[in-house]
Amino acid sequence: MVLFVLRRLVNLIPVAFLVLIVTFSLIHVAPGNPAYTILGEQASPTAVRLLDQKMGLNHPLVSQFGTYVASVLHGNLGSSLLDGQSVTSLIITRLPVTLELSVLAVALSLLIALPTGILAAYRPNTWIDSVSRLLALLGAAIPNFWLALLLVYVFAVTLRWAPSLGWVPLNVSVLGNLGHLVLPTIVLALPLVAITSRVLRGELLEVMHRIYIQVARAKGVKEWGVVMHHGVRNALIPVVTVIGLQVGGLLGGVVITESIFSLPGMGQLVVNAIFNRDYPVLQGSVLFMALVVLLANLAVDLIYAWVDPRIRYN
Amino acid sequence: MTRKTPLMITAATFLAATLAACGSSPAKSSTAPTKSGPVVGGTLNVGINSDFVTLSPAMSSALIDRQAFINIFDPLLKLSPTMQIEPNLITHWTITNGGTTYTLYLRHGVKFQDGTPFNAAAVLYNWHWEMNPANASPRRSNLALVSSLSAPNAHEVVVTLKAPFAAFLSLLAGRTGMISSPTAMQKWGSSYGLHPVGTGPFMFVQWIKNDHMILKRNPNYWQKGKPYLNKIVYTPITSPVQEYNALVTGQVNIIDSVPYQDVSSLASNSSLRSAQTPGLGYVDMELNTTVAPLKNVHNREAINYAINRQALNQLLYFGHAIPAYSQFSPASWAYNPNLKIPFSDTLAKQQLAKAGNPNGFSFNLLGDNSPTTVQEMQAIQSELGKVGIKVNIQPVDFTTLLTDAIGGNYQADLLGWSGRPDPDQNSYAFDTTGGSFNDPRYSNSQVDSLLLRAREATSQSVRKQYYNQAATIVLHQAPYIFLEYTPVIQAWSPNVHGFKIYPDGLMRFKNVWK
Amino acid sequence: MAVITESVKAVPISNRHRAVRRFFKNRLAVVGLGVILFFVAMAILAPVIAPYSPLAAHFSQAFHAPTARHWLGTDELGRDVLSRIIWGARGSLISGLLIVALGVAVGVPLGLIAGYFGGIVDDILMRVVDAALAFPGLVLALAMAWILGPSLGHAIIAIGVVTIPQFARITRGQVLEVKGREYVEAARCVGASPFRIMFHHILLNAATPIIVVATLNIGGAILSVASLSFLGLGPPPPAPNWGSMLQSGSQYLTLAPWISLFPGLAIFLVVLGFNTLGDGIRDVFDPNH
């Protein structure tokens, strides 16, 4: 077991290195130069040249990459080209926003997916099942940016029930914080609902066909009790797995959601870094996101292996 | 739109942002008369159209930074609402030696917010720092004509220029005249932009990027009794629609720009106040004069005639802009309302025939990918299509746009300029041969000499004549197709008092109370 | 979606008739197919059925609400929204199909090679796949599309590349399952070339899950293209494109909500169509799910 975890962790190193190379080369073959971003209206050929020198962007790419990797190995992700803020501190200030948004979205999706999934499995191939399936399909098909616009239009602009954008930290006002997250959470949660409820239904059906349930039933337990007690407990593991594997997709959704709702999280950090050519910030935050995804996948594998003894750590 | 730094992808905004910098009607303000006088205290929540880039005036290029600077830093000279230069931290000055020596007399008893005395040494420290190439300050080009600086005493600065430069005082009303505490600059080094210290009415407290920036009252401000507000919170909102919405819902008390489509409904909304004034900026197309087919002046002139500026104004600005024909907006003393060219398909086709392509030609138009710019590019495309000129639209992100425009790697682009108070700042670097903002690579010896004479002359009426002559040549040679002068439109809630709109669009909160 | 679909079991193709019948018993799937056919017809017949040219701008008619003349209103340049949506169907459908085709064409051979040869080849390929899957897909596609410059072709390439690893992984999993079976061993004994074994014996038997995943991916691909276009990385204007229409309409949400409302609805319906169809096909092969 320990050996298995160690092996997987060691495997992360080449993957992380590949992620670094890809990010670095992607951003450096991109047209445009961060000096222009920084200088903006004031950009002139001389000013651009001077700034390039100051930022070390006039060195060959290979040596820039070498310097970067060396500093990453020393635990230093560098600092923003725009304002000199350290990338680590940028990530630390933005992580709570994304984390809270993601946790809320997962929670909301479970709140909807668990009952619908269970009901659908309890009465498969009935209208309940069809409705739940339809809901799942709708949720997966709605473009999140469109949904965001619709929600803003209806609930923020027309009805004025919720603020349309921005962020209030939890320690400033709990209500304000949650109020600002209502619409973004819904946008982010909907696709998750779709996947989770369908997986739950499928797993439940499978579990319920297994013999021990037949046995339980034979012993006279009521059907609802069977579903809740034996079925759900066993079917939850794949659900956890699905959520773990959706971390990557969740981060993609976060990018759009945070941009539309002006939430100062990781997604916005990445998008701004792309468009500002802020190399260190982009590299640092993408590396961080990639590591989160990899670790989430590892966690999923471990849970799986732990729960299902048939899987061996070879 | 303007050469501002976009910070967001949803920055639908540049256009609207600076578009919110121009105008058709003279300043109309609907500030209600107030019962009582100023009250000290309160927090003002301000919506701005993009986040700040840096809070160091020495390192700033982004337009938006100036919204913070105007309240943290008191410029050496200030601008009146009609963009006239007035004394501020410089109480008076003399210009001698044929316009090459400026002697500046500094106000006594002023301190930076960290207690450091404001004096000649501080001014010299700032300017020497900015002139040092190693610091790569965007202010360096502003000070390029300076041959020497000296401080005969603690409250006097003598600036010697290499050549007469009429716009020098105007620079001192901008970022070059915003002096930072030398103590703070030394203490923070390269991260000074996150810890600004000036002499202004408000001092910096906190800046969470893309979220908010907080200023608080400077209790030791040199103007006794001011400012009134305890606290200012800036919130960047990159979508114009959302920014306006934030004002309507009360999330912010004042916004720096209003979407054009909402301006008319705003006037009838009794729960909001607003003002509009012509801005200093404009939107234009830059045509690369060194590459075919726009190398041919007749092709450029054809575009000039084929664009219906009035129709664009109605469509894109809901009639709130003013058709533009030069770099000098109605807010500038150099503005000439008689300088214009007609909208005429016939004249356009004549020019196409003269150019040798009577059936038109095609070119690529570069612009940023914000919805507003994309809409404007399509409108231009549709207009030019009517005379046979085919436009291929290339939306790119803002950095790519600037890189290509400045590198000369383009045929035409849709850009703009936020505008500065002195006409020299809006023309010299753009129109003279080899000028640092001359993206079209335009060269005309007559324009060169007119603009040089204009910057060296001292009389405003003489300068105005030179600018007028230069502008006429530039209009007809068309290295730029000027489209619209953009208005400044700002709105606030009724509990905000004492606010005044300026053509530069900067929101000054020294005299504001809530 | 990966998890759901990876567990699809290979089904012999011989049960085709029963499969078709089962498909048509699934009402949702049939509706999905109908929606897709509706949009396909729309795309093909665009020149005939579109009431106006999708490009004809009439500034004076901008922002008109839906009327009898303009069923879905006019946009910010005075163009007919309905005509633009009809023409926009072409780009959306084609990009969805091409993206999945790209993912399959590159991903499946990679997965075959990795799964068949195993060892170091497998290790290297799968590390690359891991790395690729570790990126949030949309961010990677965004970065690539932005580097290549805004065009529908570039958006297709960017999103296509991002879907490759998914197909590689699924194919590899299938190969590992099928590899040890008798008919593969038999083929090897007879002396068939690795190429023939991979493509003839293994791929044919691993095809069903790949088809299911591919169908389910078309909707997602269309959605991704719309996302990129919404962020300004779609085909250059004035080409009618649903995502771009939504983006340009978003700034006039209060003034003229129809500009962004209807293209969003079109995206939604098409994606829904493909997802329902994919769901139906999966049910056919794996009724327990």
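## Strand S17 of chain B

In this predicted model, strand S13 (residues 273–287) of chain B pairs with S17(B) in the antiparallel sense, over six bridges. Within S17(B), Trp417(B) stands opposite Tyr282(B). S17(B) also runs parallel to strand S15 (residues 362–368) of chain B, to which two bridges join it. Here Asp413(B) of S17(B) is the bridge partner of Leu366(B).

Strand S17, which spans residues 412–417 of chain B, is mostly covered, with six of its six residues buried. In a regular strand, side chains alternate between the two faces of the sheet. From S17(B), Ala412(B), Leu414(B) and Gly416(B) point one way, whereas Asp413(B), Leu415(B) and Trp417(B) point the other way; all are buried.

## Nonpolar cores

The largest nonpolar core comprises 332 residues, and those with the most contacts inside it are Trp127(B), Val159(B), Met285(B), Ile303(B), Phe363(B) and Phe509(B). Its largest share, 17 residues, is supplied by helix H10 (residues 194–230) of chain C. Another core, of five residues, lies apart from it and includes Leu125(C), Met126(C), Val129(C) and Ala168(C).

Not counting residues up to four places away in sequence, Phe509(B) touches several residues, including Leu44(B), Val46(B), Phe202(B), Ile254(B) and Phe499(B).

## A nonpolar surface patch on chain C

Ile113(C), Phe117(C), Ile120(C), Val121(C), Ile124(C) and Val128(C) form a nonpolar patch on the surface, with about 530 Å² of accessible area together. Helix H5 (81–117) and helix H6 (119–134) of chain C each give two or more residues to this patch, and H6(C) provides the largest share, four residues.

Ile120(C) lies in helix H6 of chain C. Ile120(C) counts as exposed because its relative accessibility is 64%, and the cut-off for exposed is over 50%.

Notes
Residues numbered from 1 in each chain as written. Chains lettered and ligands numbered in written order. Predicted model: local features only at pLDDT ≥ 70, side-chain atom pairs only at ≥ 80, totals over all residues. Heavy atoms only, no water. Patch = residues over 30% accessible without salt bridge, like charges linked within 9 Å, V, L, I, M, F, W, Y side chains within 5 Å. Areas by Shrake-Rupley, 256 points an atom, 1.4 Å probe, with all protein chains shown as cover. Salt bridge = Lys/Arg side-chain N within 4 Å of Asp/Glu carboxyl O. Buried < 20%, exposed > 50% of the residue type's maximum accessible area, 1.4 Å probe, protein only. Core = buried A, V, L, I, M, F, W, Y, C linked by side-chain atoms within 4.5 Å. Contact = heavy atoms within 4.5 Å. Pairing = 2+ DSSP bridges.
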